[in-house]
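Colleague: Before I use this model, I would like to go through the terms attached to it, one after another, and hear what each of them rests on.

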Amino acid sequence: MPLALLVAAATLSFAGRARAEDGADDRAAAPVPAAAAEPAPLARFFYHHYDYGSQALYSPVWVFLNRGYDVLQDHVASRNIFDQHFRTNTGNVLRNLENPFPAIRADGWKTFLTEEIFPLSFTQGTARWVPNYTLHLIGGGMTFTALAEWFEDRSVPLPHLWSGLTLMASALVNESIENKGIVGYNTDAIADIWVFDIAGMILFSFDAPNRFFSRQVVIADWSLQPTFTFPHGQLHNEGNDFAARWALPFYPRLRLFAWFGEATTGGLSFRITDEYSISASAGGSVVHLFNPSINKVNNTVVFTPTAAAFLDRNESLLASVQVTDIDDYFVSVNLYPHAVFTRGPAVGAWTVIDKRGRPAIGVSFSSLLGLGVGWSSL
């Protein structure tokens with residue numbers, strides 16, 4: 001753990017310097033008399049402090065719960081966050097992070113590089129690189145910038161440091177849950193944290209990638225509304241999801257659309273007005289994660305069909321409906337703050353219906369940093 005934190009701290013220090021140096025040319029423009037000089041407005045790429053939609057809930061707590069407990073959607077463990085056997089699982093993850101080479105050698109460098117690092121394997125059991133690029137490199141890098149902007153807006157010192165620590169903490173929690181009691185080799189955690197999480201923070205420390213993913217291929221965090229539910233204290237409706245859109249050159253109002261996280265889907269998005277857009281996509285969603293091995297982490301995923309529709313305002317998600325061929329989260333509906341009424345408290349709501357008609361419901365609060373409370377019969 002000390003080694004991991006040391007590398008993370010060095011990365012975050014580099015990140016702050018890179019962002020500062022990347023904007024040095026803009027600050028070195030024509031000189032302004034000292035009496036008239038004013039602080040230049042901070043560049044904003046992903047977090048705009050909107051009081052509506054998913055951005056009204058955005059905070060380190062919201063990111064940590066959605067990203068850290070994202071894998072609970074895969075039915076790998078209890079939804080009670082205090083029943084995750086963190087001592088065994090986190091210990092195993094940290095041992096692999098502190099000395100990654102024995103685990104890599106055990107599977108072979110070829111397997112590690114072709115299945116985890118480079119896009120050279122394409123079967124369901126071997127294409128482990130896919131979420132590494134989407135969720136860790138691009139999604140994690142975008143989140144690194146957005147969280148730093150959140151901290152900057154609140155004048156928190158060292159915003160990139162706090163952003164990076166939030167990301168690393170959520171990554172460690174998620175990898176620990178995915179470890180599922182294994183005491184042995186875990187190359188998945190090595191690739192996720194040492195390679196792609198670190199690379200994402202470094203990549204998005206420069207303004208060019210941030211500009212590209214906020215203006216050309218536009219990425220937005222459309223995560224869910226994490227909620228602690230009665231009567232069993234379970235965490236429901238959590239999930240780290242992203243939307244990506246690219247405007248068609250011949251008709252900019254129509255954009256190619258991808259929604260990804262546990263789901264991998266594609267579709268179209270149409271800009272209704274300058275602010276509002278509707279989107280729809282279909283594809284597959286991971287519904288189960290199983291490990292055929294008993295002495296190493298070798299998780300394999302099971303997919304099922306899913307489809308979803310969305311309404312957003314300025315890339316901030318207002319409402320979503322998802323239908324998935326699964327017993328518990330069969331139909332999911334999310335209304336984010338100020339989706340219906342533009343005034344009043346920033347409160348969101350959601351409901352899930354399973355295939356037997358049993359519901360779970362909840363409300364989320366911007367004032368509680370995106371945290372929600374609810375009730376579940378699932």
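Modeller: What follows takes the pockets, cavities, charged pairs and backbone angles in turn.

Colleague: What kind of model is this, and how are its residues numbered?

Modeller: This is a predicted model, in which local features need pLDDT of at least 70 and side-chain atom pairs count only at pLDDT 80 or more, while totals for chains, interfaces and linings use all residues. Residues are numbered from 1 along each chain as its sequence is written, and side-chain values use heavy atoms, with hydrogens and water left out.

Colleague: What makes a space a pocket or a cavity?

Modeller: On a 1 Å grid over the protein atoms alone, a cavity is a set of points where a 1.4 Å probe fits but cannot get out, whereas a pocket is an open set with protein on both sides within 12 Å along at least five of seven lines; a lining residue has an atom within 4 Å of a point. Points are joined across faces, edges and corners, and a volume is the space filled by probe spheres set on them. The largest pocket holds about 770 Å³ and has 39 lining residues, with Arg128, Pro131, Leu135, Val286 and Val301 nearest its centre.

Colleague: Which element gives the largest share of that lining, and how does the lining of the largest pocket divide by residue type?

Modeller: Helix H8 (129–153) is among the elements that give two or more residues to the lining of the largest pocket, and H8 supplies the largest share, seven residues; helices (H or I, at least four residues) and strands (E, at least two) are DSSP runs, numbered from the N terminus. The lining divides into 15 nonpolar, 14 polar and 10 charged residues, where Ala, Val, Leu, Ile, Met, Phe, Trp, Tyr, Cys and Pro count as nonpolar, Asp, Glu, Lys and Arg as charged, and the others, Gly among them, as polar.

Colleague: How many cavities are there in the whole structure, and what lines the largest cavity?

Modeller: A search of the whole structure finds three cavities of 30 Å³ or more. The largest cavity has a volume of about 250 Å³, and its 18 lining residues include Gln73, Ser285, Gln322, Thr324 and Tyr329, which lie nearest its centre. The second largest cavity holds about 70 Å³; Gln322 lines this cavity too, together with residues including Trp222, Trp259 and Phe310, and its lining has eight nonpolar, four polar and no charged residues.

Colleague: Why is the contact between Glu238 and Arg79 called a salt bridge?

Modeller: The term requires a side-chain nitrogen of Lys or Arg within 4 Å of a carboxyl oxygen of Asp or Glu, and the closest N and O atoms of Glu238 and Arg79 are 2.8 Å apart, so the pair qualifies. The two residues are 159 residues apart in the chain, and both are buried, a word that stands for under 20% relative accessible area, with exposed meaning over 50% and partly exposed in between (1.4 Å probe, protein chains only).

Colleague: What makes Lys296 and Asp107 partly exposed?

Modeller: Lys296 has 25% relative accessibility, so it counts as partly exposed, and Asp107, with a relative accessible area of 28%, is partly exposed as well. These two residues also form a salt bridge, with their closest N and O atoms 2.7 Å apart.

Colleague: What makes the backbone at Lys180 and Pro231 worth a remark?

Modeller: Most residues other than glycine have a negative phi, and most peptide bonds are trans. Lys180, in the loop between H9 and H10, has a positive phi of about 50° although it is not a glycine, and the peptide bond from Phe230 to Pro231 is cis, with omega near 5°.
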